[in-house]
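Trainee: Please take a close look at the pockets of this model, with the linings described step by step.

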Amino acid sequence: MADFRCIVNHYRDCRECFMTLTDLRYLVALARERHFGHAAERCNVSQPTLSVAIKKLEDELAVTLFERSAADVKITDIGARIVAQAEKVLLEAGQIKELATAGRDPLSGPLKLGVIYTIGPYLLPHLIPRVHQAAPSMPLLIQENYTARLAESLKRGDLDVIVIALPFEEPGIVTQAVYDEPFRVLMPTGHPWENDTAIPAKRLAEEQLLLLGAGNCFRDQVLEVCPLCRPGEGLQRTLEGSSLETIRHMVATGAGVTVLPSAAAAPIPGGNPLLTVRPFEAPEPFRRIALAWRVTYPRSGAIDVIRQAILASPLDGVRPINPR
């Protein structure tokens, strides 16, 4: 009996000191937020609960994971390495639930979808009702962001699939092209180019060009179309807007011309008499839109539904790409 009690006590002691997935979630949350209060809110626990869990981890591992001060929380070098491993553990643990869901029904349960800013406003109104019709038990949890941030969220498991523009290469991520989207020139009504049926790309350098801010991939794609339009080169001047819709409004006021993806340049219902759209001369510049997801993501049926819903969406000017 004494031996049995020793075994029970040993098991209880190990259970009490061994780290849990919950501990790792607290650790990752604090690493991302760099603030105990904000991390606790993210985890839906009290700040003391999170603080105790982090201290328990540090005691168990016998290392300092975070440097605390009154103004800041900084992660240590060893802490950063441990957090990176914790993210992998949490991602793999999450795969267990995904595998079970896929085994029962891949179209059941939420799908975390990421979309870049220059696609979301034009695709989502068409995509959402089509996904709901095909998979009514699969609600979409949607995040709009820049490509780089969507990629990080995808790798961490915070997103399941993202809609981005190619090129896009990340280790452990597979991509599938969905459609090509040509570019259009948007100008104020009455502009001299309105008399042309198509606009040569090099002529963009003759006008004040309105662009998205730095860090947006569509801005870079426009500057590839017309290298002379890069700020500081030639006589051409540029203005920046925070979104394609803001730029559209600026063009309507006569502030300049811009380049939009064809879906964004499509006429607004009811029309806007202040705006005129023209295609580019051949060869027409375009961007290739793709889906991206982790190689290990098990719900392939859910991704198929997203792809089919995108292809069924009436996006102006796009050219579908057949899967290989």
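Mentor: Among the elements, α5 gives the most to the lining of the largest pocket, with 9 residues. Helices such as this are DSSP runs of H or I with at least four residues, strands are runs of E with at least two, and both are numbered from the N terminus. The model is predicted, so local features need pLDDT of at least 70 and side-chain atom pairs count only at pLDDT 80 or more, while totals for chains, interfaces and linings use all residues. Residues are numbered from 1 along each chain as its sequence is written, and side-chain values use heavy atoms, with hydrogens and water left out.

A pocket is found on a 1 Å grid over the protein atoms alone: it is an open set of points where a 1.4 Å probe fits, with protein on both sides within 12 Å along at least five of seven lines, and lining residues have an atom within 4 Å of a point. Grid points are joined across faces, edges and corners, and a volume is the space filled by probe spheres set on the points.

The largest pocket holds about 680 Å³ of space. It is lined by 26 residues, and the closest to its centre are Arg25, Leu90, Gly94, Lys112 and Gly157. Two or more lining residues come from each of α2 (21–33), α3 (36–43) and α5 (77–104). By class, this lining has 8 nonpolar, 6 polar and 12 charged residues. Here Ala, Val, Leu, Ile, Met, Phe, Trp, Tyr, Cys and Pro count as nonpolar, Asp, Glu, Lys and Arg as charged, and the others, Gly among them, as polar.

The second largest pocket holds about 240 Å³. Of its 14 lining residues, Leu166, Pro167, Cys217, Gln221 and Glu224 are the closest to the centre. The elements giving two or more residues to this lining are α8 (217–225) and β11 (286–294). The largest share, 5 residues, comes from α8. The lining divides into 8 nonpolar, 2 polar and 4 charged residues.

From β11 the view leads on to a neighbouring strand in the pairing. β11 is joined to β6 by 9 bridges, and the two run antiparallel; two strands pair if DSSP finds at least two bridges between them. In this pairing Pro182 stands opposite Phe286 of β11. Strand β6 (residues 173–188) is largely enclosed by the rest of the structure, because 13 of its 16 residues are buried, that is, under 20% relative accessible area with a 1.4 Å probe, protein chains only.

How values were computed. Buried means under 20% relative accessible area, exposed over 50%, partly exposed in between (1.4 Å probe, protein chains only).
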